[in-house]
Amino acid sequence: GTDAAELYAMAGEYGRVIEVVNKELAVRVDSFKNGVEDPQRNYWKIAAYNFAEKHLNQGRTHVIERLEREDNLKAGSTFQLLMNLTAFFDKFMEGKFGESWTVLDSLGLLPRTAGEVSNCVDNFFALDKVARDCMGRVVVAGMECLFNLHASLKQDKSQAAGLTQQGTAGGQSLAQQANIDHDKAMRDIRDRGRLIVTFAGLLHGSLGGEVPKLIARMEAYMM
């Protein structure tokens with residue numbers, strides 16, 4: 001992979017460079033062992049960042065013009081998606097479930113409402129194959145984010161209930177309002193979880209055989 005990318009870059013074949021980087025990033029998007037990042041993942045992540053800074057983030061560059069001439073803009077959009085998914089997994093592996101979910105949610109890969117489910121299914125099948133092939137891992141990690149956020153809210157609500165029993169009238173009123181806010185947030189998370197399960201079920205096994213079972217189990221535990 002490294003040698004091919006360098007040779008393509010020397011030849012000015014930037015579309016090919018991006019395709020190589022996309023392939024290497026996609027297979028390693030969640031490559032961590034015992035919480036430690038795979039060195040090869042780190043190498044390709046840095047290579048992708050440096051390439052983007054030099055060739056893609058400076059407005060309309062000659063690389064973007066070259067991609068347009070080659071009718072290969074899809075490789076560029078896949079590159080950006082994989083960089084964002086890499087950032088998502090960086091935060092996810094640090095246990096920053098709120099931040100990682102915010103990154104993932106901003107990408108529009110997963111439905112926010114029932115009306116978005118069919119569009120998300122269509123968009124999934126329109127993805128480049130390298131991106132589609134890592135979506136099973138993305139969906140499972142996304143559901144894990146929701147599961148952990150829900151568990152955290154449930155714990156906070158339990159602690160607030162203890163304060164309600166001990167506190168003054170004013171304190172009890174605040175705690176009751178906090179409970180209402182927590183209930184709404186937990187309900188919203190459960191709704192998103194159900195939408196993800198529906199979305200995955202409509203992909204007819206494209207995420208990998210175990211994915212629908214895993215996410216359905218997590219969704220069921222969010223009570």
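**View 1. Helices α2 and α5 run roughly parallel to each other.** Angles under 35 degrees count as roughly parallel, over 145 as roughly antiparallel, 65 to 115 as roughly perpendicular and the rest as oblique. In this predicted model, local features need pLDDT of at least 70 and side-chain atom pairs pLDDT 80 or more, while totals for chains, interfaces and linings use all residues. Residues are numbered from 1 along each chain as its sequence is written, and side-chain values use heavy atoms, without hydrogens and water. The α2 and α5 axes come within 9 Å and cross at roughly 30 degrees. (Axes are lines fitted to C-alpha atoms, for helices over the stretch in contact; angles run from 0 to 180 degrees between N-to-C directions.) From α2, the contact takes in Ile18, Glu19, Val21, Asn22, Leu25 and Ala26. Facing them in α5 are Ala75, Gly76, Thr78, Phe79, Leu82, Met83 and Thr86. Contact means heavy atoms within 4.5 Å.

**View 2. Helices α2 and α3 are roughly antiparallel to each other.** Their packing angle is about 150 degrees. The two axes lie 10 Å apart. On the α2 side, the contact is made by Tyr14, Val17, Ile18, Val20, Val21, Glu24 and Leu25. On the α3 side, Trp44, Lys45, Ala48, Phe51 and His55 take part. Ile18, Val21 and Leu25 are among the α2 residues here, and they also belong to the contact with α5.

**View 3. His55 sits in helix α3.** Its relative accessible area is 10%, so His55 is buried. (Buried means under 20% relative accessible area, exposed over 50%, partly exposed in between, with a 1.4 Å probe and protein chains only.) His55 and Tyr14 are 41 residues apart along the chain. Their C-alpha atoms are separated by 9.2 Å.

**View 4. Ser100 is a buried residue of helix α6.** Its relative accessibility is 0%. Leaving aside residues up to four places away in sequence, Ser100 touches Phe88, Lys91, Phe92 and Cys145. After α6 comes Gly108. The phi of Gly108 is positive, near 70 degrees.

**View 5. The largest nonpolar core has 54 residues.** (A nonpolar core is a set of buried Ala, Val, Leu, Ile, Met, Phe, Trp, Tyr and Cys residues joined through side-chain atoms within 4.5 Å.) Leu85, Val139 and Ile215 have the most contacts inside this core. Elements that give two or more residues to the core are α2 (14–27), α3 (39–56), α5 (73–93), α6 (97–106), α7 (117–126), α9 (135–166), α10 (169–201) and α11 (211–221). With nine residues, α9 gives the most. Ile215 touches Val139, Val140, Met143, Ile196, Val197 and Ala200, not counting residues up to four places away in sequence.

**View 6. The whole chain has 11 helices and two strands.** (Helices, H or I of at least four residues, and strands, E of at least two, are DSSP runs numbered from the N terminus.) Along the sequence, the pattern is α-α-β-β-α-α-α-α-α-α-α-α-α. The chain has 223 residues, and 38% of them are buried. Among contacts with a separation of 6 or more, 70% join residues 24 or more positions apart.
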